[in-house]
Amino acid sequence: MTVAIHRSWSAGGVRREPMLSVAWAVTRRLPIQSTNARSRGRPRSMFDERFGAVAFPLTPGHILPTRGTARFVPEDRKRTMNHPADLDLFRAALSRLDEAAKHVQVDPETVARLRHPKSIAQATLAVRMDDGSLALLPSYRVRYDDTRGPSKGGIRFHPAVDLAEVQALAFWMTFKCAVVGIPFGGGKGGVVVDPKQLSGTELERLSRAYARAMASVIGPTRDIPAPDVYTNAMVMGWMMDEYSQGHQSREPGVITGKPIALGGSLGRDDATGRGAYYCIKQLEAQLGWQPTKIRVAVQGFGNAGQHVARLLHADGYRVVAISDSKGGVFRATGLDVPALLERKQRSRSLRTGYAGASVCDCPDCGAETCWCGDARPDQVITNTELLESDVDLLIPAALERQITHHNAERIQASTIVEVANGPTTPEADTILNRRGVRVLPDILANAGGVTVSYFEWAQNRGGVRWAESEVHERLQDIMTTAFERVAQFSSERSVPLRTAAYACALEQLDEAMSACGTERDFADAPKADQR
Ligand code: NAD
């Protein structure tokens, strides 16, 4: 099947439908054909080599009726964007706010304001592919709140990105910055694309197109992006360069997570994993863990997951299971984490820096899940099996909604440290709380990344460079202080760590929002004619 997009649809009130069609087609790797005034007679196919053969030919000059595009959108994608049914992830995020508000005295205005994003920018990126075709890719940037400082949050390149997800991620960023007390608000961005299907030049054009499209939204004192899923330091470097060229001045502070040579901070690459590691060290002290006895499973072996696995392994923890998007490996006696890391790094040169190899590829011959006659003791497992494996500590470090009401009863770990954003749904949380599973929430556990992003921004703005040891020391200090505050709130009020983290963050946000006055301050003010 092919999805047809007519260029004129990108204007006016019908904009959503072709965007949906493109998004849907890209997520399913379907070919897309564009028609426009110039090419109407010879519709050009986009992605056809990459995404499969064309099976739905467009007749020359054929333009699909606008409303007809709906039939190309399957039921699950029809709910995309502003349709209430697809706001579930965002609604789930808001439920955390409601729960936290029950435990702290905050102004009702604060809670009301935090129910809505400050601004939403959407753009269709027109990106020229290497074969001459044009890809039209929906993109978003949400600035959720900037009361405590410029909004801050990553940019995700993923086929499943949609507005509800970006809003939820921006909401979480707002609370994350508040809980660790760094002077930023929350934001997030995303592009609906599978970057692993792009060449290096296509990825660069896409990154630069995003920076141009969002140039009026982002800025060193306005909104500062960073890497997230499937974006990396090189992508950040391209975006900073594009923004700087547009503004005719070098602006390293517009984006963080850049290459070191372009103003990146030492210690940013492993900051998310390291921040989680410092939290785990606090748990270790609190619970009297002996690292060698603690069996760990890590879902996701990217920027966040790799480093937390590496640091725990180096510390003596028994990392028994690791997975990535293709599947996972398990070894009861503990995996050789440095060897898995090396294999992933080695395969990075393929295409555009994304690792070509999976943790479950055979280390001996490189074939997918071969294991050379099962000579090795490692066992290939699915991501579902990893989540439910018999471990003490489970670290979801991939995507959201991994622990749901479907599998929460089967989780065997006694502690979950959420390195991914939003890996546990509220329904699953209720089950885990009932079962006594301790959950260290994402807004605290993965705040190391944004904390060192703040250090990078501060270094860029101040024209200074800190040593890696200084970055680590400052990060440990911030993470430990935030952990202790949240843990204390949790034990004093007998609430789960997640509620405690949100409540602590909400107090910070309320203080800032109330500083300029609320209805309580103005309601009693005498009217001008009564003075
Ligand atoms: P990444 O792109 O570097 O890695 C993502 C990893 O997840 C890869 O190993 C990929 O193979 C794996 N993956 C993808 N889909 C999967 C699936 N369905 N099942 C299992 N594994 C899957 O991304 P990242 O930066 O490591 O981000 C991972 C999570 O951490 C995200 O939720 C992100 O929002 C969060 N996070 C990242 C940072 C950061 O600084 N990078 C900071 C805070 C939070």
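**Ground rules.** I number residues from 1 along each chain as its sequence is written, and I leave out hydrogens and water, since side-chain values use heavy atoms. Because the model is predicted, local features need pLDDT of at least 70 and side-chain atom pairs count only at pLDDT 80 or more, while totals for chains, interfaces and linings use all residues.

**Entry 1: the whole chain.** I looked up the helices and strands, which are DSSP runs numbered from the N terminus (helices: H or I, at least four residues; strands: E, at least two). The chain has 19 helices and 15 strands. I then looked up burial (buried is under 20% relative accessible area, exposed over 50%, partly exposed in between, with a 1.4 Å probe and protein chains only). Of the 531 residues in the chain, 57% are buried. The chain exposes about 21700 Å², and 50% of this comes from carbon and sulfur atoms. Areas come from the Shrake-Rupley method with a 1.4 Å probe; for residues, only the protein chains shown count as cover.

**Entry 2: cysteines.** I searched the whole structure for disulfides (a pair of cysteine sulfur atoms within 2.5 Å) and found zero. Cys 177 counts as buried because its relative accessibility is 0%. Cys 516 counts as exposed because its value is 70%.

**Entry 3: strand 5.** Is strand 5 (residues 134-145) buried or exposed? Twelve of its twelve residues are buried, so the strand is largely enclosed by the rest of the structure. I next looked for its partners (two strands pair if DSSP finds at least two bridges between them). Strand 4 (residues 119-128) pairs with strand 5 in the antiparallel sense over ten bridges, and Gln 122 stands opposite Tyr 140 in strand 5. Strands 4 and 5 form a hairpin with five residues between them, and in the turn Gly 132 has a positive phi of about 95°. Strand 7 (residues 185-192) also pairs with strand 5 in the antiparallel sense, over six bridges. Here Ser 139 stands opposite Val 191 in strand 7.

Entry 4: A polar backbone atom of Ser 325 is 2.9 Å from an oxygen atom of the ligand. On its own the ligand has 830 Å² of accessible area, and the protein covers 89% of that.

Notes. A polar contact is a pair of N or O atoms within 3.5 Å; within protein, one must be able to donate a hydrogen and the other to accept it, and residues adjacent in sequence count only if both atoms are side-chain atoms.
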